[in-house]
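Me: I would like a close look at one part of this model, the salt bridges and what surrounds them. Please give the cut-offs as you go.

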Amino acid sequence: MEKKIMNKKRLEKIGQRIEKIRGNRSKRSFGKQIGISGQYLASIEKGENCLSTEKLISLCENENISADYILFGEDIVNESLKDSISELIPNQLSDAFGVMEKVIDVIKNLDY
């Protein structure tokens with residue numbers, strides 16, 4: 001029984017983070033963007049249901065947000081990256097963004 005309570009709490013926290021990401025957009029329009037109904041989104045935000053892996057990926061891609069944030073409440077990869085970027089001098093920063101743009105283009109063109 002304790003396990004179910006913990007899972008429910010986790011689902012509620014995930015739902016709260018998704019609701020925060022949604023902001024003032026309607027549940028219907030936000031749900032449509034990731035391929036679910038507004039009613040199902042409402043149940044996710046209440047912690048009653050969860051997103052499938054496919055829908056989680058869709059949410060992350062559409063909102064340009066890390067699954068780490070949605071699932072765990074912290075953007076593990078991005079925080080580390082932010083720290084590294086903040087240490088760069090302006091010329092290095094410009095070069096780093098140029099490289100990142102190229103990497104992003106390559107990733108977008110990968111055939112999964």
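What does Arg-25 count as, judged by its relative accessibility?

Reply: Arg-25 counts as partly exposed, because its relative accessibility is 28%; the classes are buried under 20% relative accessible area, exposed over 50% and partly exposed in between, with a 1.4 Å probe and protein chains only. The model is predicted, so local features need pLDDT of at least 70 and side-chain atom pairs count only at pLDDT 80 or more, while totals for chains, interfaces and linings use all residues. Residues are numbered from 1 along each chain as its sequence is written, and side-chain values use heavy atoms, with hydrogens and water left out.

Arg-25 has a salt-bridge partner in Glu-63, and their closest N and O atoms are 3.0 Å apart. A salt bridge here is a side-chain nitrogen of Lys or Arg within 4 Å of a carboxyl oxygen of Asp or Glu. Helices are DSSP runs of H or I with at least four residues, strands are runs of E with at least two, and both are numbered from the N terminus. Glu-63 is partly exposed, with a relative accessible area of 23%.

By the salt-bridge rule the count comes to 4. Arg-22 pairs with Glu-19, with 3.9 Å between the closest N and O atoms. Arg-22 and Glu-19 are 3 residues apart in helix α1 (residues 2-22), so about one helical turn separates them. Glu-19 counts as partly exposed at 36% relative accessibility, whereas Arg-22 counts as buried at 7%. Arg-22 also meets the side chain of Glu-45 in a salt bridge, at 2.7 Å from N to O. Because Glu-45 lies in helix α3 and Arg-22 in helix α1, this pair ties together parts that are 23 residues apart in sequence. Glu-45 is buried, with a relative accessible area of 7%.

Glu-45 also takes part in a helix contact. Lys-27, Arg-28, Phe-30 and Gly-31 in α2 meet Gly-38, Leu-41, Ala-42 and Glu-45 in α3, where contact means heavy atoms within 4.5 Å. By class, this contact has 3 nonpolar, 2 polar and 3 charged residues. Helix α2 (residues 27-34) and helix α3 (residues 38-45) have axes that come within 8 Å and cross at roughly 95°. That makes α2 roughly perpendicular to α3. The axes are lines fitted to C-alpha atoms, for helices over the stretch in contact, and angles between N-to-C directions run from 0 to 180 degrees. Angles under 35 degrees count as roughly parallel, over 145 as roughly antiparallel, 65 to 115 as roughly perpendicular and the rest as oblique.

As for cysteines, a search of the whole structure finds 0 disulfides, a disulfide being a pair of cysteine sulfur atoms within 2.5 Å. Cys-60 counts as buried at 13% relative accessibility, and Cys-50 counts as partly exposed at 42%.

How values were computed. Ala, Val, Leu, Ile, Met, Phe, Trp, Tyr, Cys and Pro count as nonpolar, Asp, Glu, Lys and Arg as charged, and the others, Gly among them, as polar.
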